[in-house]
Amino acid sequence: MATNGVLPNGVAVVLGAQWGDEGKGKLVDILCSEIDFCCRCAGGNNAGHTIVVGDKKFDFHMLPSGLINPKCISVIGNGVVIHLPSFFSELKKVVDQGIDATGRLFISDRAHMVFDYHQIVDGIKEGELGRGSIGTTKKGIGPTYSAKASRSGIRIHHLVQNFPEFEARFRSSVINKQKRYGHFEYDVEAELARYKEYAETLRPYVVDSTSYIHNAIASQKRILVEGAQAFMLDLDFGTYPFVTSSSTSVGGVCTGLGIPPKKIEKVIGVVKAYTTRVGAGPFPTEQLNATGDHLQSVGQEVGVTTGRKRRCGWLDMVVLKYSHMINDYSSINITKLDVLDQLAEVKIGVEYRLDGKKLESFPADLDILSKVEVVYETLPGWQQDISKARRFEDLPQNAQNYIARIEQLMGVKVEWIGVGAGRDAMIYRK
């Protein structure tokens, strides 16, 4: 699929516009053919991207999706939290699949590390919440960001530049966690020995990512930032507390990579043609019926990282307008349009009402959100296979109308349309 000239020189960003799992990795993979750098700015190995290239399927969790392109350099920024055992395991897997990462993968020396004790604590914290549990991936992401915010975290530079300092911080952190959560089995000496080996293995990957990226910007390189999770899981703007522990909005790009706002030339929102979410939390357009079952089954809606079935529902325009208001998308990529192929009609949630009155924006209060009535627009389906379409004009008229209505309601151009799992199953609209 030719897309030359789609991205500007400088920085472009790909963000999930809903609750995650929109298919960001596929668009990033396509765009990586014309970029020099692919960067991650937030999250950890709680993220999940699946990319299909020919007969190969790649599952990314922590590594930037741009690693598939042999000419693209991948950078894991300071805003990402890194579980080194998972990092090396994932790297080995993609190398075994034929990807050469030599000299093309770098990690910020300011990034914080996730340890196994963070994952233990993550499970304990979820247990404490009981029925009010958030539904985290239990990858230790939240406890690591908590340590970062409380200024007790351990960063990559501690490990590779000053191991005695790393050891002191590590021992202190384990003791503090055991005081707070009670004694749990943890072999500190074995972990320190393991991380001493990691320090040597990791060193060639570590850079001062801030100056590294700014040098790339000054050289007019094309840089693509790959968002993790999605906007509605943002710590500030999402459905708190059923959110992740980092900033998943465009603001997270600035803080997670040290990129000034003025340097961001394009922000692309990725929007699934319907809505899904994993884990607990409110979901106004969720369909606990045959429609939801159809979307889950045909869309193969199972989490890449967790293996959990995703909850499914109609497209929610209240969510998307709110998402656009914060991130100011330049354009959007509609994904998995083909999942709707067999439906006689498709619906879009266009507004929320409470006690008969329209809500002007997405509410912060989850009690209000749980009580809203969703007003839907119903459009006729197209009931034919669109997976072979490669131009907008190849789509059935009703599918074109669905896309046009999304553009009208959201106020953003649809630039890409995904019609299947493969890399080539994407329509680009110039």
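Predicted model: local features only at pLDDT ≥ 70, side-chain atom pairs only at ≥ 80, totals over all residues.
Colleague: What makes glutamate 165 and arginine 169 a salt bridge?

Modeller: Their closest N and O atoms are 2.7 Å apart, and a salt bridge requires a side-chain nitrogen of Lys or Arg within 4 Å of a carboxyl oxygen of Asp or Glu. The pair therefore qualifies. Both residues lie in helix α6 (residues 163-181), four residues apart, about one turn of the helix.

Colleague: Why is glutamate 165 called partly exposed?

Modeller: Its relative accessible area is 29%. Buried means under 20% and exposed over 50%, so glutamate 165, at 29%, is partly exposed. Arginine 169 counts as partly exposed too, at 30%.

Colleague: Which parts of the chain does the salt bridge between arginine 171 and glutamate 189 link?

Modeller: The side chains meet at 2.8 Å, N to O. This pair links distant parts of the chain, with arginine 171 in helix α6 and glutamate 189 in helix α7 (residues 188-202), 18 residues apart. Arginine 171 has a relative accessible area of 29% and glutamate 189 one of 48%; each is partly exposed.

Colleague: How many salt bridges does a search of the whole structure find?

Modeller: The search finds 23.

How values were computed: Residues numbered from 1 in each chain as written. Heavy atoms only, no water. Helix = DSSP H or I, 4+ residues; strand = E, 2+ residues; numbered from the N terminus. Buried < 20%, exposed > 50% of the residue type's maximum accessible area, 1.4 Å probe, protein only.
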